[in-house]
Amino acid sequence: MFSKLQFSSQAESSRIPHAERDRRNRLVLSPLLMALTILSTSTKALEPYDPAQATHWPGVEVIAPEKAGIGRKVADVDFFELHGKQSSLYHLTGDKGMVIVVRDPECPVSVRYGPRVASMARDYSQKGFSFAFIYLNERLDAERLDRDAEALHAPATKIGRGSFAIANALDVKSTGEVFVLDSENRLLYRGAIDDQYGFGYTQDAPTHNYLRNALDAELHHWPIDTPATLAPGCAIDADPQKDDFLPIPPDAALS
């Protein structure tokens, strides 16, 4: 019976005009091709970015200053440096202000921007800005954090316990964020360092140097053109209770 049915089907197919047969084949193949295209595109979007090769860059999203809290005064927060010294946020403020950099040695975007922001710290610390790195990865031990801090070679305060409390005060959302405070600890800028790198994309060079432009504007008493953006990076839950998992010197406690 199978051979008879098969023969019948082949005979019926031979009677279908070529144009009609081609149309039916397209109807069958089109959904399959669309599915393969979507799968291919999704897979490419999930691939790790290659800093050496430019890819499609959707751009940094600019957000409204009032939505980002620009102009508000940031509360003072106590903390411990990675090497044990206890201090508070206001004690770090430079003559021109302060830059707070979110750091996570396990986040690709944060790692990629490390040398660049360290270079900016060496430059702008001579112009009156202080720099501080807050470490927002409670899974890393003191040795791992110390190793990362030393590798940065940046004139900056590296903060251990207290980092999440500072992140909560700043409303940190991403490990790619930086914050600029003026000499009165008011928020001047928050967002991306620039627009060159992100997850799954990279440009040959940045087209908007958001952090550098904000610092230069403050130095010259100019308005900041772009005071707030979203920043690519790993999402952050700025829960101050996570500070309990960050290293501090033995027998030390925040006051």
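**Exercise 1. Find out which element gives the most to the lining of the largest cavity.**

Solution. Keep in mind that this is a predicted model.

Step 1: Start with the answer to look for in the viewer: α4 gives the most to this lining, with five residues.

Step 2: Place the elements along the chain. Both β3 (97-103) and α4 (108-124) supply at least two lining residues each.

Step 3: Pick out the residues. Those lining the largest cavity include Val-101, Val-102 and Arg-103, and also among them are Val-109, Ser-110, Tyr-113, Gly-114 and Val-117. Thr-175, Gly-176 and Ile-193 belong to the lining too.

Step 4: Sort the lining by class. It has six nonpolar, four polar and one charged residues.

Step 5: The largest cavity takes up about 40 Å³, and the structure holds one cavity of 30 Å³ or more.

**Exercise 2. Work out how the axes of α4 and α7 are arranged.**

Solution. 

Step 1: Remember what to look for. Two packed helices are described by the angle between their axes and the distance between the axes.

Step 2: Read off both. The axes of α4 and helix α7 (residues 210-219) come within 12 Å and cross at roughly 10°.

Step 3: Draw the conclusion. Angles under 35 degrees count as roughly parallel, so α4 is roughly parallel to α7.

Step 4: Name the partners. From α4, Val-117, Met-120, Asp-123 and Tyr-124 make the contact, while α7 brings Leu-211, Arg-212, Leu-215, Asp-216 and Leu-219.

Step 5: Sort these contact residues. They divide into six nonpolar, no polar and three charged.

How values were computed. Residues are numbered from 1 along each chain as its sequence is written. This is a predicted model: local features need pLDDT of at least 70, side-chain atom pairs count only at pLDDT 80 or more; totals for chains, interfaces and linings use all residues. Side-chain values use heavy atoms; hydrogens and water are left out. On a 1 Å grid over the protein atoms alone, a cavity is a set of points where a 1.4 Å probe fits but cannot get out, and a pocket is an open set with protein on both sides within 12 Å along at least five of seven lines; lining residues have an atom within 4 Å of a point. Grid points are joined across faces, edges and corners, and a volume is the space filled by probe spheres set on the points. Helices (H or I, at least four residues) and strands (E, at least two) are DSSP runs, numbered from the N terminus. Ala, Val, Leu, Ile, Met, Phe, Trp, Tyr, Cys and Pro count as nonpolar, Asp, Glu, Lys and Arg as charged, and the others, Gly among them, as polar. Axes are lines fitted to C-alpha atoms, for helices over the stretch in contact, and angles run from 0 to 180 degrees between N-to-C directions. Angles under 35 degrees count as roughly parallel, over 145 as roughly antiparallel, 65 to 115 as roughly perpendicular and the rest as oblique. Contact means heavy atoms within 4.5 Å.
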